[in-house]
Every structure is written in C-alpha cells, then in structure tokens.
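Q: Could you take a close look at a single part of this model for me? I would like the detail first and then its setting in the whole chain.
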Amino acid sequence: MSRLRGLEELLGPVAAVALLALVSGLFVSSADQVKYLTAIVYVAIVAALYVFVGNSGVISFGQVSFVAVGAFSAGVMTIPIDTKPGVLPTLFSLLRDHSISSAWSLALAAGLGGVYAFAVGIPLMRLSGIAAGIATLAVLGITYNLYNWNSIGPGATVESLIPVTTDYWQATVGAVAVICLAFAYQRSRFGRQLRAAREDPAAARAAGIDIHRQRLLAFTLSGALSGFAGGLYVHLLGSIGANQVYLDLTFLTLAMLVVGGISSLFGAVVGAITISLFNILLVNAQLGIHVFGWSITAPSGTSLVGIAIVMLVILLLRPAGITGGKEFSVPAWAHRARRRGARIS
C-alpha cells in the first residue's frame with residue numbers, strides 16, 4: 001500500500017512535465033519553443049531547490065550558484081577547441097585546451113555542482129534562519145564575481161558558441177530524472193530525518209539525528225542536481241553570461257517554489273510550470289500582443305513585477321502554496337470507480 005501511494009505521489013509531477021512537453025511541442029509556434037523548453041528546465045532547477053529548501057525548511061538564496069557552476073562548466077568544456085582561444089583567450093590552459101561531449105558535460109556539471117555545494121555547505125549548514133539566508137546570498141555573490149574573472153569565466157562578456165543540444169526530449173528526460181531523484185531522497189531515511197529536524201530540531205537531536213550532517217547531505221544533492229539543470233540550461237541557450245544566473249533567476253525560482261508549495265515536490269513542479277507560463281505571457285505582452293483586435297504592449301519589467309504580485313497574493317491568501325504543501329494523490333472518486341469496476345468484472 002505504501003509503495004502504491006508513493007507511485008501516485010510521483011505520478012503527478014512526472015505527468016505534469018510530460019504534459020507540458022507534449023502540448024508545447026505540438027501546439028506552440030516555433031518562435032516560442034525556446035520559452036517553453038526553458039520552462040521545462042526551470043522545473044528541474046526548482047525540483048533541485050526543493051531537495052534542500054523544502055525538506056530542511058531553511059531558505060537558501062545560493063542554489064543558483066550551483067546552477068551557474070553547472071552552466072559555465074558545461075558550456076566552457078563543450079566549446080570547440082579550435083574556436084575557444086578566440087572566444088575566451090584568457091582562460092586557464094586546462095579549460096582552454098580541452099573539450100568534452102555535451103553528454104559528459106552534464107555529468108561534469110552535476111559533479112562540480114555537488115562538490116561546490118559540499119565545500120561551502122560544511123560551515124553554512126550549521127546556520128539557521130536569517131543567518132543561513134544571508135550566508136547563502138553571500139555565496140551567490142562570490143560565485144557571480146568568480147565568473148566575472150576572465151581566467152575561469154567570460155568576464156564582462158558572454159560565453160558563446162556552446163553547442164545547442166537540449167531539445168524537448170533531453171529537457172523532459174532531464175527534468176523527470178531530477179524529479180525522480182528528489183522523490184527518492186524525500187522517501188529515503190535521510191529525507192525523513194531532515195524533515196523531522198525541520199519540524200522539531202530539539203526532538204530530532206534528542207532522537208539522535210545529526211542535523212548538520214543531514215542538511216549537508218541534502219545541500220550537496222541539491223547542488224549536484226542544480227548543476228545538472230544548469231548544464232541543460234546552457235545547452236538550451238547556446239550562450240551564457242553571469243547576469244543570467246544571478247539575482248533574477250534566484251528570485252524567479254524561489255517564487256516558483258513558494259507559489260507552488262514549498263514543502264512538497266508536487267508543489268515545486270506546479271509552481272515552476274504555473275509561474276513559467278505566466279512569465280511567458282507577460283514577456284510576450286512586453287513584446288506586444290493582439291487581443292480582440294487591440295494591440296497591447298506592456299512596459300519593460302512587467303514580468304518581474306507581475307510575478308512579485310502573484311507571489312504576494314499567494315503568501316497572503318494561501319501561505320502553503322497552490323498545492324497546500326501536499327503531494328499529488330489520486331482523487332477518492334477515482335479509487336471508488338476502480339474498485340467498482342473490479343467488482344463488476
């Protein structure tokens with residue numbers, strides 16, 4: 001029974017991503033394809049964010065740091081060797097004189113994201129509350145400035161000529177893989193211990209749970225999955241600049257998690273999809289849309305303001321998010337109909 005319940009909980013997030021990929025792949029214009037592919041990659045980023053924030057209850061503003069590590073490492077290591085010296089001439093020779101395939105770059109992105117998260121997490125995971133939030137924001141600032149250093153990043157320019165390999169198939173499989181790993185973690189002994197520490201730290205310590213170790217494990221896994229998602233992201237865009245994986249993406253992904261429901265994986269996926277579709281609508285409005293014969297052009301910045309308003313409304317009216325912080329479950333009427341059908345047959 002428990003295993004069946006677990007499959008139901010996993011079914012919702014996976015089905016939501018698959019439906020988004022199917023509908024957008026079949027019915028969306030070619031001009032908007034990249035926007036919907038980005039929405040699928042956002043699902044992977046937010047699911048990775050949920051692994052730590054959702055299970056620990058500690059707000060982290062630094063998870064996009066690991067997306068940046070994954071994106072820049074996957075990008076720089078897949079630029080063809082013959083063009084890399086001309087595009088990024090000041091790179092360290094180890095980075096400038098070697099290239100790998102896009103598939104291996106995703107593994108590299110996940111590995112480096114996990115290693116970086118583990119390194120910074122050793123001291124940071126002893127913090128809680130506002131101190132943890134400020135410390136993780138500092139990590140984001142440090143990472144941003146590191147990639148403005150020409151020897152390992154693009155500096156003030158953009159890292160370009162990156163192979164574009166993230167199509168609907170790869171984006172969907174990648175997002176589903178992140179969801180499955182996040183689900184496996186939350187159902188594991190380690191995930192249950194971390195959630196127990198989230199609910200009552202004193203009781204968790206009394207029960208013998210090492211809160212620092214459990215937070216560090218979740219932080220490291222979240223970093224690895226974020227790095228992997230960053231690899232998908234850079235191979236979708238074909239270029240990357242430091243500002244693309246900084247404050248705007250941090251705010252956007254946290255808004256997605258809060259709007260969907262910070263304490264459930266299903267909420268993370270629903271929030272990512274909902275805010276992504278809303279963001280696409282607002283971005284298109286900034287470029288100009290036609291409604292009932294009227295041409296409407298929204299001012300620049302409308303998308304971020306609109307998302308902020310939605311986040312504020314959700315926090316005021318439904319603090320637990322759209323899903324109420326609950327995992328997906330098959331409605332009771334569907335179970336009754338299935339049992340009724342089984343008796344008839």
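Which residues do ring pairs link into a cluster?

A: Happy to walk you through it. A word on the ground rules: this is a predicted model, in which local features need pLDDT of at least 70 and side-chain atom pairs count only at pLDDT 80 or more, while totals for chains, interfaces and linings use all residues. Residues are numbered from 1 along each chain as its sequence is written, and side-chain values use heavy atoms, with hydrogens and water left out.

The cluster is made of F52, F66, Y116 and F219, linked by ring pairs. Rings of Phe, Tyr and Trp (its six-membered ring) pair if their centres lie within 6.5 Å; planes under 30 degrees apart count as stacked, over 60 as edge-to-face and the rest as tilted. Across the whole structure, a search finds seven aromatic pairs.

Take F66 with Y116: the ring centres are 5.6 Å apart and the planes stand at 80 degrees, so this pair is edge-to-face. It ties together distant parts of the chain, with F66 in helix α3 (residues 63-76) and Y116 in helix α6 (residues 102-124), 50 residues apart. Helices here are DSSP runs of H or I with at least four residues, strands are runs of E with at least two, and both are numbered from the N terminus. F66 and Y116 are both buried, where buried means under 20% relative accessible area, exposed over 50% and partly exposed in between (1.4 Å probe, protein chains only).

F66 also pairs with F219: their ring centres are 5.4 Å apart and their planes at 85 degrees, so this pair is edge-to-face. Here the link runs from helix α3 to F219 in helix α11 (residues 211-237), a separation of 153 residues. Like F66, F219 is buried.

Leaving aside neighbours within four places in sequence, R215 is in contact (heavy atoms within 4.5 Å) with F52, V58, M125, L127, S128 and L194. One of these partners, F52, belongs to the ring cluster. R215 and V53 are 9.6 Å apart in space, C-alpha to C-alpha, although 162 residues separate them in sequence. Q214, also in helix α11, is buried at 6% relative accessibility. Not counting residues up to four places away in sequence, Q214 touches Y185, F190, Q193, L194 and I209.

Now for the setting. The chain has 15 helices and two strands. Its radius of gyration is 21 Å, close to the 20 Å that the globule rule gives for 345 residues, so the chain is as compact as a globular protein of that length; the radius is taken over C-alpha atoms, and the rule is 2.2 Å times the number of residues to the power 0.38. The C-alpha trace spans about 70 × 65 × 40 Å along its principal axes. Of the 345 residues, 51% count as buried. Among contacts between residues at least 6 apart in sequence, 78% join residues at least 24 apart.
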